Amino acid sequence: MEREKVIVELKNVNKVYGGSNHVVRDLNLEVYEGEFLTLLGSSGCGKTTTLRMIAGFEEPTGGTITVEGESVSEKEPFERDVNTVFQSYALFPHMTVFDNVAYGLRMKKTAKGEIKERVMHMLELVQLGGFERRYPSQLSGGQKQRVAIARALINRPKVLLLDEPLGALDLKLRKQMQMELKRLQRKLNITFIYVTHDQEEALTMSDRIAIMNEGVLEQVGTPTEIYEAPATRFVATFIGETNLFEGCVKETSAHHVSVVVESGELRCRAQGFEKGEMVAISVRPERMKYSAEPVEGYSVRARVKETVYVGSVLKAIVVLPNGNEIKIERLAGQKLPPDGEVYIYWDNGDGKLLHLMDQVFYRTIESVKLA
Ligand SMILES: Nc1ncnc2c1ncn2[C@@H]1O[C@H](COP(=O)(O)OP(=O)(O)OP(=O)(O)O)[C@@H](O)[C@H]1O
Ligand SMILES: [Mg+2]
């Protein structure tokens, strides 16, 4: 996708509650027009707080947030081109589906005929044609959620903020709604900023994912970038499964780094690391290779502990001399190591070298000093 216009921009945004609870830290983020961007992170990492600041419900303690170049704090909520869908649908229980969706247009004093036309069209879009006379109590969870989405979209906002909108749905309905939301977003070409703590949901729906950890934005990238080239240890372990080898840099050359780990020595293609630095190497289970003989550049020996079949995927667990377990994964039909001893290695480029002392580490040190 071509990257042109920035529609939402967060610059050095901070949020501190009660003078000392620093829940969002120096957050910088550009959201492009028409993209599906997901804020992903575990519970309490600051996703809702960030979304509420973009919506203008919450003031940043520091920094600025603009939508189309205008500061969000200078506009009244109803003047903004931003709308929000919350996890709890918050439908008006005494109003029909039609009236719930029409609400925003009536507030704007839109002509009656136009309201009817737009509401009916929107209900078709969310596949609720024929439901307009029902009340929320007569709808299923998924149908209520669709009404909430239709109500948020009826005013044609430029940006739609969605805070775990599918959280209350069962798995099957959730999967179906993921597809529908994605289809709707493409069709209407509205910028979505979507909050979830579900990595699979983020990977399947998003153009880009922004990963938050304890108030810090750790990485922003396409699902492939995030999976294939995690920038931090947190990202590597939060998205998908991985094997981590912790160690220390022994030598660096122009494009390679030699790392000593407890069980041997490993070579990685990487730049920007220093001799003596603590590092971790992340290797995805499906990229892990094995050999009966040592392979040049790798000297980590392991013992095969067990092999499991999980439907279409085969997994082997091998144990390093220090007791750490390493996962190897293959698709059904491919081979796993036989029982006994193997040497593990990987293709140059499949081992991602990560700085162990990341932002969160330095922040911990900082807060210890302050205490
Ligand atoms: N109004 C508030 N006053 C004080 N602390 C708050 C307030 N709102 C949120 N917090 C704190 O800020 C942190 C971030 O909360 P936030 O709701 O943004 O997390 P989240 O990432 O959305 O989590 P979840 O996935 O559980 O919804 C939490 O530690 C929370 O307790
Ligand atoms: Mg939240």
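The centres of domain 1 and domain 2, taken over C-alpha atoms, are 39 Å apart. Domain 1 spans 6-228 and domain 2 spans 241-366, with bounds from an automatic or database domain assignment. This is a predicted model, in which local features need pLDDT of at least 70 and side-chain atom pairs pLDDT 80 or more, while totals for chains, interfaces and linings use all residues. Residues are numbered from 1 along each chain as its sequence is written, chains are lettered from A and ligands numbered from 1 in the order written, and side-chain values use heavy atoms, without hydrogens and water.

Around ligand 1 lie Y17, V23, S42, S43, G44, C45, G46, K47, T48, T49 and E164, each with a heavy atom within 4 Å of the molecule. The table gives polar contacts, meaning pairs of N or O atoms within 3.5 Å.

| Residue atom | Ligand 1 atom | Distance |
|---|---|---|
| Y17, polar side-chain atom | nitrogen | 3.5 Å |
| C45, backbone N or O | oxygen | 3.2 Å |
| T48, side-chain N or O | oxygen | 2.7 Å |

The second largest pocket has a volume of about 180 Å³. A pocket here is an open set of points on a 1 Å grid over the protein atoms alone, where a 1.4 Å probe fits, with protein on both sides within 12 Å along at least five of seven lines; lining residues have an atom within 4 Å of a point. The volume is the space filled by probe spheres set on the points. Helix α3 (residues 112-125) contributes most to this lining, with 5 residues. By class the lining holds 7 nonpolar, 1 polar and 3 charged residues.

R269 sits in strand β13 (residues 264-269), strands being DSSP runs of E with at least two residues and helices runs of H or I with at least four. Beyond four places in sequence, R269 touches H255, H256, N348 and G349, with contact meaning heavy atoms within 4.5 Å.

Notes
Ala, Val, Leu, Ile, Met, Phe, Trp, Tyr, Cys and Pro count as nonpolar, Asp, Glu, Lys and Arg as charged, and the others, Gly among them, as polar. A polar contact is a pair of N or O atoms within 3.5 Å; within protein, one must be able to donate a hydrogen and the other to accept it, and residues adjacent in sequence count only if both atoms are side-chain atoms.
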